[in-house]
Structures are given as C-alpha cells and as structure tokens.
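The sequence and the structure are shown first, and a description follows.

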Amino acid sequence: MNSFIDYIIQGIVQGLTEFLPVSSDGHLSLVQHFLNVSGDGALLGTVLLHLGTLAAVFIVFWKTIWSLIKEFVFLIGDVFTGKFKWKTMSLNRRMVVMIIIATIATFVLLVFPVPGPAAMAEKDVLFSVGSLRFTMMKDLYAFWSEDSDIIVEGICFLITGTLLLMGSRSKKRKTGNDITAKDSILIGLFQGLAALPGVSRSGSTISIGLYRGLPKDYIVQFSFILGIPAILGANVLEIGDAMKEQVSIELMPMLVGVVVAALVGLFAIKALQWLIKNDKLYLFGYYCLILGALTLICGLVELFAGQTIPQMIGG
C-alpha cells in the first residue's frame, strides 16, 4: 500500500508541476529525496510519469496537434516537389518548421560532450582527455538527478525563478507569424537546459518566448507541443536503458501514478493558461526563488552534517 501512496503523491506532483512552470523533475527529485527513493529506479519513475502528462497535452491540444501533423505531411511533399517557400509559410507551417528547429537545438545540447565528475559511471564516459572524462550533457543531468544531495536542485530552482520574472516583465508582443529561427533555437536550448532537476521546461520555454515578444496563447501551445518529441525521446531512451540494466519498478503502483499525473495535468494546463492570460506568471517566479533558497539551505545542511534530513529525523 505504501508504494501506491508514494506513486499517487508523485503523480500529483508530476501533474501539477509539469505544466505549472515550477519544474516537475525538480519537485519529483525533492519528493523522491525525502521519500528515500533514489538511483536508476527514481529516474525511470520520473520519466514514466511524464507519459501521464503527455496524455494531458494530447487531450487539451488535440485539434492543434492534428492540424500540425497534417501540415507536416504537406510540408514534406512541398519540400520534395520544390514548392516549399520560407517567406510564404502559413501560421501552422511556420509552427511545424520552428518546432523542428527547436527540437534539433534541444538534441544538440543534450548530446554535447562536457567534462563529467569522477563518480560518473564508466558506461556514460564518451572519451577521456588526460584526467578529464567527457560525457554527454544528458548523462550529466541524469547523474545530478540520481545523486543523494539536493544542492543542484536548489540552484536550478533559483534559475527558474529568475527566468519566470524575466519573462513576466516583457511587454514586447509579436504575432505567431513573426517567430524566427533564432527564437526557436533559443527556446530549444532552454528546453535542453530544463532536463536539469529544478529548471522548469514549460517555465523556461514560455519565459524565453515571452521575452522574445511572442503572443501568450501562441507560446503556451508552442511550448507544450514542443515537449512531445522531447518527452517521447526521453521515455524511449530511459526505458531502453532500464531494460538493458534490468531496473526493477512496481508496475501497478506506477500505472496508478501515471493516471493520476494525467488527470491532475489536465487541471494544471487550464490553470496555467488562465494565469498567463491574467499576467500572474511572476507569482511562480517568486515561489521558485523561495523554494530554491530553502532547498539550497537544506542541501548545504545535509552536506555539512554528512547525512540527509530524513536520516536526521529518523535518528
């Protein structure tokens, strides 16, 4: 029964925080930290819970998604027949092209090689240069998500809060037809950064879009639909790795958590649309700054104490 309760709690947290711009991975990381859930199973559970919120996106935006799928097919036909013209793209075609550009930018960032910590698993090391071991950015993010401290989460919540305040104060407004490749690349790069536990995917992409002057309704749709290939890709990679390494997970409690995440996610999408329309995004910015500061303090206390807060409480 405890497993069901744990996954229901995680499903509620995932459903709310995936769409409310406060970082679902960061909040799940905190919940798992204080529930003493860690390791490969924790990351796999986080990724699978995203399936529930992905279902919520399809339910809310199914008309737009279907029209974009059809436009993508027409786009491929025009490219191969030489009829494609950049300057005369329709609103739907421009969104399709810009989502493709943003997705490529996200992919490039996540596979970019960076120096990894000494504790990085050998399987995640791409190559070595002297004493430096290089890993892909996504594997470095995973390492931070699975470790036993929450200092990185605290720093990332502070980053999210700053981005939200920056986006909420932008008054520039363009139309959906004005979105450029530069806008899409920036949004895609910030989506890649959102793989960090504590950096909100929706918060960072929406904030950058607002900062670049994109319309509120447009950037909300763009952000959520852009997340579909990223979430699906993360699920395919993580489930594949879990099968190779035989990571165990309790199936029925997890399925309950996925359903809960989908139902709560439907509510969260509608709430976010209302909040952005009424210029309330800054509230989440202050929330993330406060949470980030508290998380960072807790992480530093645990670091100096040599044990986690749950271990201190448990004696």
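How many disulfides does a search of the whole structure find? The search finds zero. The model described here is predicted. A disulfide is a covalent bond between the sulfur atoms of two cysteines.

**Overall architecture**

The protein has 13 helices and three strands. Of its 315 residues, 48% count as buried. Among the contacts with a separation of 6 or more, 76% are between residues 24 or more positions apart.

In soluble globular proteins, nonpolar side chains tend to be buried together. The largest nonpolar core of this model holds 43 residues, of which Val57, Phe222 and Phe224 touch the most other members. Several helices give two or more residues to this core, among them H3 (40-60), H4 (62-81), H5 (91-111) and H12 (281-305). Helix H10 gives the most, with nine residues. A second, separate core has 12 residues, including Val114, Met120, Tyr141 and Val152.

**Phenylalanine 224 and its aromatic partners**

Phenylalanine 224 is buried, with a relative accessible area of 2%. Beyond residues up to four places away in sequence, phenylalanine 224 touches Phe19, Val57, Phe61, Arg201, Ser202, Ile269 and Leu272. The count of aromatic pairs comes to five. Two of the pairs involving phenylalanine 224 are set out below.

| Pair | Centre to centre | Angle between planes | Arrangement |
|---|---|---|---|
| Phenylalanine 19 and phenylalanine 224 | 5.1 Å | 85° | edge-to-face |
| Phenylalanine 61 and phenylalanine 224 | 5.7 Å | 45° | tilted |

The pair of phenylalanine 19 and phenylalanine 224 is edge-to-face because the planes stand at 85°, and edge-to-face applies to angles over 60 degrees. Phenylalanine 19 lies in helix H1 (residues 2-19) and phenylalanine 224 in helix H10, so this pair ties together parts that are 205 residues apart in sequence. Phenylalanine 61, in turn, lies in the loop between H3 and H4, so its pair with phenylalanine 224 in helix H10 ties together parts that are 163 residues apart in sequence. Phenylalanine 19 is buried, and phenylalanine 61 is likewise buried, with a relative accessible area of 3%. Phe19, Phe61 and Phe224 form one aromatic cluster.

**Arginine 133**

Is arginine 133 buried or exposed? Arginine 133 counts as buried because its relative accessibility is 18%, and buried means under 20%. Arginine 133 is found in strand S3 (residues 132-136). Its side chain makes a polar contact of 2.8 Å with the side chain of glutamate 122. The side chain of arginine 133 also reaches the backbone oxygen of alanine 118, at 3.0 Å. Leaving aside neighbours within four places in sequence, the residues in contact with arginine 133 include Val114, Pro115, Met120, Val125, Phe127 and Ser128. Val114 and Met120 also belong to the second core.

Technical notes:
Residues numbered from 1 in each chain as written. Predicted model: local features only at pLDDT ≥ 70, side-chain atom pairs only at ≥ 80, totals over all residues. Heavy atoms only, no water. Helix = DSSP H or I, 4+ residues; strand = E, 2+ residues; numbered from the N terminus. Buried < 20%, exposed > 50% of the residue type's maximum accessible area, 1.4 Å probe, protein only. Polar contact = N/O pair within 3.5 Å; in protein donor to acceptor, adjacent residues only side chain to side chain. Contact = heavy atoms within 4.5 Å. Core = buried A, V, L, I, M, F, W, Y, C linked by side-chain atoms within 4.5 Å. Disulfide = S-S within 2.5 Å. Phe/Tyr/Trp six-rings, centres within 6.5 Å; stacked < 30°, edge-to-face > 60°.
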